[in-house]
Amino acid sequence: AAKAAAFGLHTQEIDGHDVKAIYDAIQTALAHRGVPSCIVLDTIKGKGATVAEPKREHSSSPKEEAWAEALAAAEQALADAKNA
């Protein structure tokens, strides 16, 4: 982000897993007409996957029980989001 800002770009750093933050950053970038924009997304490999996130892995081959745990956690997160 610092390098982009040094080149004169309108630069924003945001949580790359926060959909609202991404939307807001795009709207802010659009509002800065005449200036190139750079949006830096801070992300975590394997975010939300109980098997991968703690190790920051995204290409591992977990065992069947780990997949079941990850799927159950994802389904619970979806249910929580729908009820929010």
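Okay, let's start at Asp24: it's partly exposed, at a relative accessible area of 33%. On that scale, buried is under 20% relative accessible area, exposed is over 50%, and partly exposed is in between, using a 1.4 Å probe and protein chains only. Before I go on, this is a predicted model, so local features need pLDDT of at least 70 and side-chain atom pairs count only at pLDDT 80 or more, while totals for chains, interfaces and linings use all residues. Residues are numbered from 1 along each chain as its sequence is written, and side-chain values use heavy atoms, with hydrogens and water left out.

So, what does Asp24 pair with? Its side chain meets that of Lys20 in a salt bridge, 2.9 Å from N to O. The cut-off there is a side-chain nitrogen of Lys or Arg within 4 Å of a carboxyl oxygen of Asp or Glu. Searching the whole structure turns up 1 salt bridge. Lys20 counts as exposed, with 55% relative accessibility. Both residues sit in helix 2, residues 19-31, and they're 4 residues apart, about one turn of the helix. In general, side chains of opposite charge can pair when their charged atoms come close.

Now the nonpolar patch. Ile26, Leu30, Ile39 and Leu41 form it on the surface, with about 320 Å² of accessible area together. Patch residues have over 30% relative accessible area and no salt bridge; nonpolar side chains (Val, Leu, Ile, Met, Phe, Trp, Tyr) are joined within 5 Å, like charges within 9 Å. Areas are Shrake-Rupley with a 1.4 Å probe, and for residues only the protein chains shown count as cover. Ile39 is in strand 2, and is partly exposed at 30%.

Is Gln12 buried or exposed? Buried, at 13% relative accessibility. Gln12 is in strand 1, residues 10-15, and leaving out residues up to four places away in sequence, it touches Ala25, Thr28, Ala29, Cys38, Ile39 and Val40. Contact here means heavy atoms within 4.5 Å.

Last, the whole chain: buried residues make up 17% of its 84 residues. It exposes about 6,500 Å², with carbon and sulfur atoms supplying 56% of that.

Note on methods: Helix = DSSP H or I, 4+ residues; strand = E, 2+ residues; numbered from the N terminus.
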